[in-house]
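This report describes one protein chain for a reader who is new to structures. Please look at the sequence and the model before reading on.

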Amino acid sequence: MSRISRRDFLKLGGAALLGLAGSRFIPQQQEEDQEEYFNAPLLWHGSRSYRNIAITYDDCNSLVRLKKVETLLDLYPEFKVTFFPIGLKIPDLESKDKGIWKRLIEKGHEIGYHTYEHVNIGVMSPPAALMDFDRWQSALVDALGMDYPTRFVRPPYNILSSTLDILCQERGLVAAEFSIGGGGDPEVVLRAIQKTKGGDIVQMHIRTEDYESSKIAFPWLKENNWDLVTMSKLYDDYLREQVNSDGCDASAGSFLTRTCVD
Ligand SMILES: [Zn+2]
């Protein structure tokens, strides 16, 4: 599998991507699952052609449990995940463990928006949702001490809504749903992960049971040559497949040598 960094990909295929980024990326079989009105990019899973999956951890409300997941991930330096913390926990955890968010990013993990106080975005007005996102983003930027290009939103309770659609379009976010639900018996979660066809998005939380699931899933994924990737990596692979499947140069090796915008 070729590896292209997000930066290279944007550099090489930027024009095509910019054109595509405003349109829909949902494969046919996913169309039926989503609300008709949803126009922003929405992802239930990534490309089935890549041997990777994305594990995501929502809420992040316990420092102790978040650090347990971090320590577990440290044993698999090639594995990257995405965290969806609620905003009020960003300064809270930062005050208890200075630099925690920056550390996670420096280790290659990703952070996405999950509202400031875990509110269903569908009950917010569009202006309120925009303000909520901006408040969350400021909390993250303050904690990191640097700007951060947030790309994904995991809506609380996984509820799609017209407000979420507007928020995504206004702030350039991709709505991240999931294809495998964590939670519950770790053995059951492991069996679901073992059936992956690639490209799955696994929703977990910073809970003890999800830590236990991760603890048994990580070695299995490693032994079976699966890669654990961030939402950005999963999405960029997906975009690349969309570009290639539109009659573009699919045998691009490690470079996208040609982009096809007609
Ligand atoms: Zn949540």
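## Pairing and strand E2

Two strands count as paired if DSSP finds at least two bridges between them. The model discussed here is a predicted one. By that rule, strand E2 (residues 52-59) pairs with strand E8 (residues 201-205) in the parallel sense, over five bridges. Within this pair, Ile-55 stands opposite Val-202 of E8, and Tyr-57 has Met-204 of E8 as its bridge partner.

Strand E3 (residues 82-85) runs parallel to E2 and is joined to E2 by four bridges; here Asp-59 stands opposite Pro-85. To get from E2 to E3 the chain passes through helix H3 (residues 63-74), and this β-α-β crossover is right-handed. Strand E9 (residues 227-228) is also parallel to E2, with two bridges between them, and Ile-53 faces Leu-228 there. How many of the eight residues of E2 are buried? Eight of the eight are, which makes E2 a mostly covered strand.

## Strand E8 and its other partner

E8 also pairs with strand E7 (residues 180-181), in the parallel sense and over two bridges. The bridge partner of Ile-180 is Val-202 in E8. Four of the five residues of E8 are buried, so E8 is largely enclosed by the rest of the structure.

## A three-strand sheet

Another set of strands forms an open sheet. Its three strands come in the order E1-E6-E5, and their pairing is parallel. Strand E1 (42-43) and strand E5 (152-153) are the edge strands; each has a single partner strand, so one side of each has no neighbour in the sheet.

E1 and strand E6 (residues 174-176) run parallel and are joined by two bridges. In this pairing, Leu-43 stands opposite Ala-176 of E6.

## The nonpolar core

The largest nonpolar core has 55 residues. Which of them touch the most other members? They are Ala-54, Tyr-57, Ala-175 and Val-202.

Leaving out residues up to four places away in sequence, Ala-54 touches Gly-46, Thr-82, Ile-201, Val-202, Val-229, Thr-230, Met-231 and Leu-234.

## Helix H6

Helix H6 (residues 126-144) has 19 residues. At 1.5 Å a residue these should span 27 Å, and the end C-alpha atoms are 27 Å apart, so the two values agree. Just after H6, Gly-145 takes a positive phi of about 70 degrees.

Which residues of H6 are buried? They are Ala-129, Phe-133, Trp-136, Ala-139, Leu-140 and Ala-143.

## Pro-219 in helix H9

Helix H9 (residues 208-223) contains a proline, Pro-219. Is Pro-219 buried or exposed? Pro-219 has 11 C-beta neighbours inside 10 Å, so Pro-219 counts as exposed.

Pro-219 can also be compared with Leu-75. The two are 144 residues apart in sequence, while their C-alpha atoms are 9.8 Å apart in space.

## The chain as a whole

The chain has 262 residues, of which 35% count as buried. Its secondary structure comes to ten helices and nine strands. Among contacts between residues at least 6 apart in sequence, 77% join residues at least 24 apart.

Technical notes:
Residues numbered from 1 in each chain as written. Predicted model: local features only at pLDDT ≥ 70, side-chain atom pairs only at ≥ 80, totals over all residues. Core = buried A, V, L, I, M, F, W, Y, C linked by C-beta atoms within 7 Å. Buried ≥ 20, exposed ≤ 12 C-beta atoms within 10 Å, placed from the backbone. Contact = placed C-beta atoms within 7 Å. Expected span 1.5 Å × (residues − 1). Right-handed = clockwise from strand over helix to strand, strands pointing away.
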